[in-house]
Amino acid sequence: MNPAYESHELAVAVADLLAHPDDPSLPIEQSWWRQSLALGVPGIALLHVELAAAGLRPWQRAHHWLTAATSGPTTTGPDSHPFHGAPAVAHVLTCAVAHRPGSYARALDRLDTAIAADARRRVAAAHARIDAGELPALAEFDVIRGLAGIGAYLLRRASVGEALRAVLDYLIRLTAPLHCDGEVLPGWWTGSGPNGRTDARFPGGHSNNGLAHGIAGPLALLALAALRGVVIPGQLAAIATVCSWLDRWRSDTGTGPIWPYWITRAQLRADRPPTPAAQRPSWCYGTAGLAYAQQLAALATGDPVRRVTAADALARALTDPGQLAATTDPSLCHGYAGLAHIAHRVAADAPPGIAARLGARVPDLLSMIDPTDAGPRPTAAALIAATPGPGLLEGAAGVALAALSCSTASTPASSWDSCLITARPTSPLT
C-alpha cells in the first residue's frame with residue numbers, strides 16, 4: 001500500500017465498488033449469498049456499518065445492505081453456524097446496534113432466541129457424545145462452524161447469558177482427557193483430518209491447534225469470557241490445560257517459537273513435536289492466531305511471562321523471512337490483512353517495547369495488499385475480482401475491514417471482529 005494514501009482509503013474504495021446489494025455483477029443468485037458472513041452479504045454489510053460509524057460513508061448505505069441480509073428467511077438450527085445463517089446475520093446486526101442503540105431490536109430478539117436454542121441443542125449433543133466416550137468433530141467446537149464461534153456471539157449478548165454459560169461449561173469439559181483404543185487423548189482430539197473428513201494421511205485422527213478450527217478457538221473464548229467477568233467453575237483450569245498442551249508442542253527456533261498446525265497420533269505416541277519448518281503465521285493457523293489466543297489466556301490468568309512470550313512470538317514471526325514468504329495472499333483469514341489486524345490487536349495489550357515492534361510491522365504488512373502501488377481504487381477492484389466471494393474471510397470486505405481497523409479513522413470500541421475472537425477484551429457487552 002503506497003504511503004501516499006491511508007489504509008482507510010482502501011476500505012472506502014472497496015465499499016464504493018460494493019455500494020449496492022442488487023448489483024448484477026455480484027453473485028446475487030448464489031444460494032449462499034444473502035446469509036454467508038464468510039463470502040456474501042453480511043460481511044459486506046459489516047464493512048458499510050463500520051465505515052458509517054467512522055463517519056466515512058452514509059448510514060443509509062449500511063442500512064441497504066442490512067436489509068438485504070434480512071430480506072428473506074434466515075437459516076436456523078443445525079444448518080446454521082457462526083458464518084452462515086442466524087449467527088452470521090445476528091453478528092452484523094449487533095455491530096450495527098453497538099453504533100446505533102435501539103435499532104434492529106425486534107429482529108435481534110428473534111435471532112437471539114433461535115441462536116440460544118441451537119446452542120443448548122448443540123451442547124446437549126456434545127455432552128451425550130462425551131458420555132459415550134466418542135471423539136468430537138471439529139465442527140462441534142471450532143470457531144467457524146462450532147460452539148466456540150457461537151459462544152463468541154453469545155458473549156456479546158447479555159440477554160442469552162444462560163446459553164453462554166452452557167457453552168462455557170461444555171468447553172471446560174472438552175479439555176478433560178478421553179480414553180480411546182487404550183490411549184489417553186486430549187478431549188478435543190478428532191478422528192478426522194483437518195478438513196473434517198476421514199483422511200488417510202491422519203490415521204488415528206489429530207489434535208488441531210489452530211484458532212479457526214482447533215483448540216485455540218475455545219481457549220480464546222474461555223479467556224475472553226473471563227476477562228469480561230464471566231467465570232464459572234473449572235474455567236481457569238481449562239485455560240491452563242490448553243496452555244500446557246501448547247507449551248508441550250512448542251518448538252523454540254532461532255526465529256522464535258513455532259507451534260505445529262496439528263499433532264498426529266504418531267507424534268503423540270512419540271511425544272515429540274514435528275521438525276520445525278517455516279509456516280504461514282495466519283489467523284486461521286499458525287503463530288498469529290496462537291499468539292493472540294495465548295495473550296488472552298495470559299491476561300485472563302495474570303501470567304506476565306506468557307503475555308510477553310505470546311506477543312514476542314508474533315513480533316518475531318512477522319520479521320521472519322521464511323514465515324512471511326509462506327504468506328501469499330491479501331486475505332483476512334490467512335493473508336497480509338489478517339496479519340496486520342492481529343498485530344494491531346496484540347500490540348494494544350502487549351508490553352510497550354513489543355507493542356512498538358508490532359506497530360512498526362503493520363504498515364509493511366498492509367503495503368503487501370497493494371505491492372505495485374496501484375492505488376486504492378484499482379487495488380479494491382482487483383481484490384473484488386480475485387476472490388471467490390467479496391465477503392469477510394477471504395474476500396475484499398475482510399481486507400477492507402482489517403485496513404480500516406488499523407487506521408486512525410477506525411472506531412476504537414468496535415467489535416466487528418468478535419466473530420474471529422480477536423475483538424479487544426475490553427469491548428462492552430450489548
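Q: Where does Asp-364 lie?
A: Asp-364 lies in helix H16, residues 352-367. Helices here are DSSP runs of H or I with at least four residues, numbered from the N terminus. This is a predicted model, where local features need pLDDT of at least 70 and side-chain atom pairs count only at pLDDT 80 or more, while totals for chains, interfaces and linings use all residues. Residues are numbered from 1 along each chain as its sequence is written, and side-chain values use heavy atoms, without hydrogens and water.

Q: Why is Asp-364 called partly exposed?
A: Its relative accessible area is 40%. Buried means under 20% and exposed over 50%, with partly exposed in between (1.4 Å probe, protein chains only). Asp-364 is therefore partly exposed.

Q: What joins the side chains of Asp-364 and Arg-361?
A: A polar contact of 2.8 Å joins them. The term needs a pair of N or O atoms within 3.5 Å; within protein, one must be able to donate a hydrogen and the other to accept it, and residues adjacent in sequence count only if both atoms are side-chain atoms.

Q: Why are H4 and H5 called oblique?
A: H4 (residues 86-99) and H5 (residues 105-131) pack at about 140°. Angles run from 0 to 180 degrees between N-to-C directions, with axes fitted to C-alpha atoms, for helices over the stretch in contact. Under 35 degrees is roughly parallel, over 145 roughly antiparallel, 65 to 115 roughly perpendicular, and the rest oblique. H4 and H5 are therefore oblique.

Q: What makes H2 roughly parallel to H18?
A: The axes of H2 (residues 41-53) and H18 (residues 396-405) cross at roughly 25°. That makes H2 roughly parallel to H18.

Note on methods: Helices (H or I, at least four residues) and strands (E, at least two) are DSSP runs, numbered from the N terminus.
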